[in-house]
Amino acid sequence: DELLPPLHSAYGRLYLQLGSLARAESHFTMAAKARGQSVQEQVESLVDSAFLGIGQGQFQAALDRFLAAEAMVEDRQSKQALAISNNISVCLLYVGR
């Protein structure tokens with residue numbers, strides 16, 4: 001069902017905000033498994049994984065995932081591309097660059 005990946009992704013982000021990394025990771029994993037292999041779906045999985053990395057304090061890994069996602073986004077002016085760029089900036093700050 002096409003609604004499952006965004007729903008699991010949203011739950012994952014919610015659990016990140018609540019500090020439950022295990023539940024967040026579980027929902028991000030379910031979202032990734034329910035997604036197809038389109039470029040957009042790969043970008044979404046990378047972004048989920050990057051957010052989990054931030055939650056785990058792994059800012060360099062998160063930065064690498066956001067950069068990979070940014071490279072795959074086709075419309076550089078989309079909301080998604082701008083959000084990814086913003087998160088890259090946050091990660092750069094945390095890794096001291």
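Predicted model: local features only at pLDDT ≥ 70, side-chain atom pairs only at ≥ 80, totals over all residues.

User: How many residues has helix H4, and what span does it reach?

Analyst: Helices are DSSP runs of H or I with at least four residues, numbered from the N terminus. The expected span is 1.5 Å times one less than the number of residues. Helix H4 covers residues 59–72, 14 residues in total, and reaches 20 Å from its first C-alpha to its last, close to the 20 Å expected.

User: Which residues of H4 are buried?

Analyst: Buried means under 20% relative accessible area, exposed over 50%, and partly exposed in between, with a 1.4 Å probe and protein chains only. In H4 the buried residues are Phe59, Ala62, Leu63, Phe66 and Ala69. Seen down the axis of H4, these fall within an arc of 125 degrees, so they line one face of the helix; the arc is taken from the directions from the helix axis to the C-beta atoms. Their cover includes helix H3 (39–55) and helix H5 (79–94), contact meaning heavy atoms within 4.5 Å.

User: At what angle do the axes of H4 and H5 cross?

Analyst: Axes are lines fitted to C-alpha atoms, for helices over the stretch in contact, and angles run from 0 to 180 degrees between N-to-C directions. The axes of H4 and H5 come within 9 Å and cross at roughly 155 degrees. That makes H4 roughly antiparallel to H5, a term for angles over 145 degrees. Residues making this contact include Leu63 and Leu67 of H4 and Ile88 and Leu92 of H5.

User: How far apart are the axes of H3 and H4?

Analyst: The axes of H3 and H4 are 8 Å apart, and the two helices pack at an angle of about 165 degrees. H3 is thus roughly antiparallel to H4. Among the residues in contact are Val43, Leu46 and Ala50 of H3, and Ala62, Phe66 and Met72 of H4.

User: Where is serine 45 placed, and which residues does it touch?

Analyst: Serine 45 lies in helix H3. At 23% relative accessibility, serine 45 counts as partly exposed. Not counting residues up to four places away in sequence, serine 45 touches Ala32 and Arg35.

How values were computed: Residues numbered from 1 in each chain as written. Heavy atoms only, no water. Parallel < 35°, antiparallel > 145°, perpendicular 65-115°, else oblique.
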